[in-house]
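This briefing sets out selected structural features of the model shown below. The points are grouped by topic for reference alongside the coordinates.

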Amino acid sequence: MAALKHLLDFEGWRRSEVESLLETARLMEEVLERPMKKVPALKGFTIATVFFEPSTRTKTSFELAAKRMSADVVSFAVSGSSLSKGESYKDTLLTLQAMVLDAYVIRSPVAGMAHQAAGWLRGSVINAGDGRRAHPTQALLDAYTLLDELSQLEGKKIAIVGDIAHSRVARSNAELLPLLGADVWAAGPVGLLPEVLKGARLTSNLAEALSDADAVMVLRLQKERMQDGSLPSIREYISEYQITAERMNLARPGALLLHPGPMNRDLELAGTLAEGSHSRVERQVRAGEAVRMAVLYHLLVGRAA
Amino acid sequence: MAALKHLLDFEGWRRSEVESLLETARLMEEVLERPMKKVPALKGFTIATVFFEPSTRTKTSFELAAKRMSADVVSFAVSGSSLSKGESYKDTLLTLQAMVLDAYVIRSPVAGMAHQAAGWLRGSVINAGDGRRAHPTQALLDAYTLLDELSQLEGKKIAIVGDIAHSRVARSNAELLPLLGADVWAAGPVGLLPEVLKGARLTSNLAEALSDADAVMVLRLQKERMQDGSLPSIREYISEYQITAERMNLARPGALLLHPGPMNRDLELAGTLAEGSHSRVERQVRAGEAVRMAVLYHLLVGRAA
Amino acid sequence: MAALKHLLDFEGWRRSEVESLLETARLMEEVLERPMKKVPALKGFTIATVFFEPSTRTKTSFELAAKRMSADVVSFAVSGSSLSKGESYKDTLLTLQAMVLDAYVIRSPVAGMAHQAAGWLRGSVINAGDGRRAHPTQALLDAYTLLDELSQLEGKKIAIVGDIAHSRVARSNAELLPLLGADVWAAGPVGLLPEVLKGARLTSNLAEALSDADAVMVLRLQKERMQDGSLPSIREYISEYQITAERMNLARPGALLLHPGPMNRDLELAGTLAEGSHSRVERQVRAGEAVRMAVLYHLLVGRAA
């Protein structure tokens, strides 16, 4: 297997590489089940979380993953940083690099930023979300959660529902899940669908997407976006696209319900579903821990192997 | 002794349990006196500080306590977090739980939040302040500071002075100190007294509360609260309730002066008293370190014993 | 060599002390070149970064330095802290001291704050910038970067260019570099020159300062300061004082270009110079890591030696 240095998106990734990463994640989850949830695997490594957009959940997940592997972590937050003084992204990242870090977990509102950073920096770059473009560890944790119960994704139908056009979660899942054999559908109101989404079939017909689906992935709706006149009102969205218990019945019995969080209960999904038997929302977060430990391990130590 | 899982308030606590905890705190303070102020007791444990209200002092104190026991710490701050995107307290906490943490130090403006959290979470919950309700580690460090010099609290008179109605510090001390035998008085202007404070005698007569007191605990006054027409003006408060050197003379010679900090010098107390011979304000902060180490140890490791 | 407890500025420092510190920094940089960039030198020590002014770069640099020496770090940020509730600097620092910390890295907008803190606190104080007064670790990393290539500073001409009057970087360099034998010039528009700068020759004649210089240190320009009517407009500044490739030709061939960062590209210096052959900007950041490790080591462990 070729050594992977960065995780930017899944372009060029082979199925075997993804499977190997998910296999490592499974071993990492075993660590999380021990009384002593810490391993020395990354002792002496230093990892920076560089968040140009706020995100406590993803940031905390990465920091925990790093600490459980005994790495040191520094958090480079934007607020109060020199970026607000007009420093460029590049200068900020080069400054961090000069502090001799081993890996950079980068989130930014700019699509393609992680790729640029990988060109600028000597260490490993992990894309923790770049604009609408990609959020690969989210897709990996989704795949991990799905595989946990479906055993394999070959021929499985996965429906992604909501604001497809603006979602890096949708984009990364549409890239990753077909690599594992899944049949991905993406549904939402016309105004929230992109013209094309590589790896997925697009439809504004929710029933078509949900029909016999093995899993339904509901996206977070950005309320502020619904002000735009070309889009449905929140009331219309709820009436036509909210995932309810009835609509879940269109999917296979026991279909899995995923959501990247944080949820707007009673907006994109009926609040009661979040705790219901379909929901794997907490499972996803835990999978995220294991997956991020595996990613750090593969990029930093797996390289030498 | 029954194993304690959470520290929410002192309801149901037995005197022996409090004494055992304070005894452990004494051992922890010995650690703080060593050149190497660190023990491996909580190696492999991960503790989250979850502050829905800002408080650098208490947060730093808990983080230090955890690090000195070799635990890993993640800080989940509200600002920039998903809570600001409308996520509920419960969803935030369940997300953290799915990251497999061992203990949650929670501060929130909502009374009863720590109790609710203890119902939702599998790990230990430590209440670091919930609205006006409780702030148990503050009361423990106050008790520790008092016992340090008074040896025991049986029959000792402790006067709490200030904005009793809105104070979780007053409430927790009125719960804890009588359990150790103390006689607790709470004094303040009528508009800042609650109708009842379990464990304490209420009075608007400051002299009555201070008379022959073994210790005076001055509360922080929230200036913004004094705008309310039913309350005294700041000038009136100072004239009638500020703790001055003269008023300290009403207490026993050598009476101890406590304040939970941060102080408004020359408002609730004469500024010079803060550094005077009565003051134990710095002693309290150091006691807080030892007490918080003991609490983490009892809840996480003491359980197994 | 006398044991050093604090690093406030270079008053009273002997050349041999500075050289010894820079020698330790060289050993620390070797650590940064190893696969395992971590040493146990400060295990069990706890260091607080106390930033009353935002500065992600310097703060991160100190935190990394401490972690690489295996120290524990707590960050006491101002935002949301009790200082915003009106607590004084002194009370804030005494509170931290009561938590039994070993060293305090302090930045504040108040000139002289680090000296005051050294009087209040029992631990070591490291000045990370106090108003316009001093920023000694910046000067040390500048000296380290210069010595790296110039071997020694005896008789070397160093030109500092920009807003000299408001710069703690200029002030600390003018104090340190002459101690090592350098000839320091400080140039800028009359409105941005102080009346006197101990250790440096002041001039508004940029060419005079640059002529045959071995190194040019460009300061960051605070745009907001240029609104003042007595100062040149930004356009005038650029035209007369911006460091360009042509102006660098006034200095010696191969002269070094330094900047404390973050840079305003195309304001105080031509953007292309930042990546050009003269630039040592990234080298400075890396030197900062090594120098800060050395400072922490000298103050905390060197004392016993």
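In this predicted model, B:A200 touches B:I160, B:A174, B:V184, B:W185 and B:A186, leaving aside residues up to four places away in sequence. B:A200 belongs to strand β7 of chain B. The residue is buried, because 26 other C-beta atoms lie within 10 Å, and the cut-off for burial is 20 or more.

**Surroundings of B:A200**

- B:N173 is 27 residues away from B:A200 along the chain, yet the C-alpha atoms of the two are separated by 9.0 Å.
- Among the residues that B:A200 touches is B:W185, and the bridge partner of B:W185 in β7(B) is B:R201.

**The five-stranded sheet of chain B**

- Five strands of chain B make up an open sheet with parallel pairing, in the order β7-β6-β5-β8-β9.
- The edge positions are taken by β7 (200–203) and β9 (256–258) of chain B, each of which pairs on one side only.
- From one strand to the next, the twist of this sheet averages 20 degrees.
- Strand β6 (residues 183–187) of chain B is joined to β7(B) by four bridges, in the parallel sense.

**Helices on the sheet of chain B**

- Helix α5 (residues 136–150) of chain B lies across β8 (215–218) and β9 of chain B, and its direction is at about 165 degrees to β9(B).
- Helix α6 (residues 168–179) of chain B also packs on the sheet, where it touches β5 (157–161), β6, β7 and β8 of chain B.
- The direction of α6 makes about 160 degrees with that of β6(B).

**Overall form of chain A**

- Chain A contains ten helices and nine strands.
- The radius of gyration of chain A is 19 Å, which agrees with the value near 19 Å that a compact globule of 305 residues would have.
- The C-alpha trace of chain A spans about 55 × 45 × 35 Å along its principal axes.
- Of the 305 residues in chain A, 53% are buried.
- Among contacts in chain A with a separation of 6 or more, 74% are between residues 24 or more positions apart.

**The four-stranded sheet of chain A**

- Four strands of chain A form an open sheet in the order β2-β1-β3-β4, and their pairing is parallel.
- At the edges are β2 (72–77) and β4 (124–130) of chain A, each pairing on one side only.
- The twist of this sheet averages 15 degrees from one strand to the next.
- Within the sheet, strand β1 (residues 46–51) and strand β3 (residues 103–108) of chain A pair in the parallel sense over five bridges.
- A:T49 has A:V105 as its bridge partner in β3(A).

**Contact between chains C and A**

- Chain C contributes 21 residues to the contact and chain A contributes 18 residues.
- On the side of chain C that touches chain A, α2 (56–68) and α10 (281–300) of chain C each supply at least two residues.
- The most is given by α2(C), with seven residues.
- α2(C) lies across β1 and β2 of chain A and runs at about 175 degrees to β2(A).

**Contact between chains B and C**

- In this interface, 21 residues of chain B are in contact with 18 residues of chain C.
- Both α2 (56–68) and α10 (281–300) of chain B supply at least two residues each to the side of chain B that touches chain C.
- α2(B) provides the largest share of that side, seven residues.
- The residues on this side of chain B comprise seven nonpolar, six polar and eight charged.

**Relation between the copies**

Terms used:
Residues are numbered from 1 along each chain as its sequence is written. Chains are lettered from A and ligands numbered from 1 in the order in which they are written. This is a predicted model: local features need pLDDT of at least 70, side-chain atom pairs count only at pLDDT 80 or more; totals for chains, interfaces and linings use all residues. Two residues are in contact if their C-beta atoms, placed from the backbone, lie within 7 Å. Two strands pair if DSSP finds at least two bridges between them. Axes are lines fitted to C-alpha atoms, for helices over the stretch in contact, and angles run from 0 to 180 degrees between N-to-C directions. Ala, Val, Leu, Ile, Met, Phe, Trp, Tyr, Cys and Pro count as nonpolar, Asp, Glu, Lys and Arg as charged, and the others, Gly among them, as polar. The radius of gyration is taken over C-alpha atoms; the globule rule is 2.2 Å times the number of residues to the power 0.38. A residue is buried if 20 or more other C-beta atoms lie within 10 Å of its own, exposed if 12 or fewer, and partly exposed in between; C-beta atoms are placed from the backbone.
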